[in-house]
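The following note sets out points on the fold and on the aromatic residues, for reading alongside the model.

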Amino acid sequence: MTVPVDQLTDPTVRAFVMALNANDQQAFYAALTPGATMSDDGSDRDLRQWAEREVFSANGHLDVESEQADGLSLIARYRNDTWGEMRTAWRFVVEGGKVSRFETGQA
């Protein structure tokens, strides 16, 4: 069972996921604050390098299984051409209608 992206509760998280799934770099970065940060499996990463490697050059895609915390916390199946598919957790901090930080890792 998946949650349709257009039904995700938080509009900012919805825009982030839609951009990621569309491999739309412009929309992806437009959903982020200028100084946005992120971590992967508990380690802070350079967001642009991570996104290029894990999302854009590897055809990353999120299928959301569930959401909590008013849509700021997701459990999703994430897949890309590098790692295949894995169950992941995503947590978002939204400020002023943009994602200022996200944390992801295996669920």
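1. Two strands are taken to pair if DSSP finds at least two bridges between them. The model discussed here is predicted. On this basis, a hairpin of three residues joins E4 to E5. These two strands are antiparallel, with eight bridges between them.

2. A further hairpin is formed by E3 and E4, with four residues between the strands. Alanine 69, in that turn, has a positive phi of about 55°. The pairing of E3 with E4 is antiparallel and extends over seven bridges. Serine 73 in E4 stands opposite glutamine 68, and the bridge partner of serine 73 in E5 is arginine 91.

3. The sheet as a whole is open and consists of six strands, in the order E2-E1-E6-E5-E4-E3, with mixed pairing. Strand E2 (43–45) and strand E3 (61–68) each have a single partner strand, so they stand at the edges and one side of each lacks a neighbour in the sheet. From one strand to the next, the twist averages 30°.

4. Parallel pairing is found between strand E1 (residues 32–40) and strand E6 (residues 98–106), over five bridges. Within this arrangement, serine 39 has glutamate 103 in E6 as its bridge partner.

5. Helix H1 (residues 11–21) lies across E1, E3, E4, E5 and E6, and runs at about 140° to E5. Helix H3 (residues 47–56) lies across E1, E2, E4, E5 and E6, and runs at about 65° to E1.

6. How many aromatic pairs does the model contain? The count comes to 13 aromatic pairs. In one of them, tryptophan 50 and tryptophan 90 have ring centres 6.3 Å apart and planes at 70°; planes over 60 degrees apart count as edge-to-face, so this pair is edge-to-face. Because tryptophan 50 belongs to helix H3 and tryptophan 90 to strand E5, the pair ties together parts that are 40 residues apart in sequence.

7. Are these two tryptophans buried or exposed? The cut-off for buried is under 20% relative accessible area. Tryptophan 50 has 3% relative accessibility and therefore counts as buried; tryptophan 90, at 1%, also counts as buried.

8. Ring pairs link a cluster made up of Phe16, Phe28, Tyr29, Trp50, Phe56, Tyr78, Trp90, Phe92 and Phe102. Tyrosine 29, one of the cluster, has arginine 48 over its face, at 3.8 Å from the ring centre.

Methods:
Residues numbered from 1 in each chain as written. Predicted model: local features only at pLDDT ≥ 70, side-chain atom pairs only at ≥ 80, totals over all residues. Heavy atoms only, no water. Axes fitted to C-alpha atoms, helices over the stretch in contact; angles between N-to-C directions. Contact = heavy atoms within 4.5 Å. Phe/Tyr/Trp six-rings, centres within 6.5 Å; stacked < 30°, edge-to-face > 60°. Buried < 20%, exposed > 50% of the residue type's maximum accessible area, 1.4 Å probe, protein only. Lys NZ or Arg CZ within 6 Å of the ring centre and 35° of its normal.
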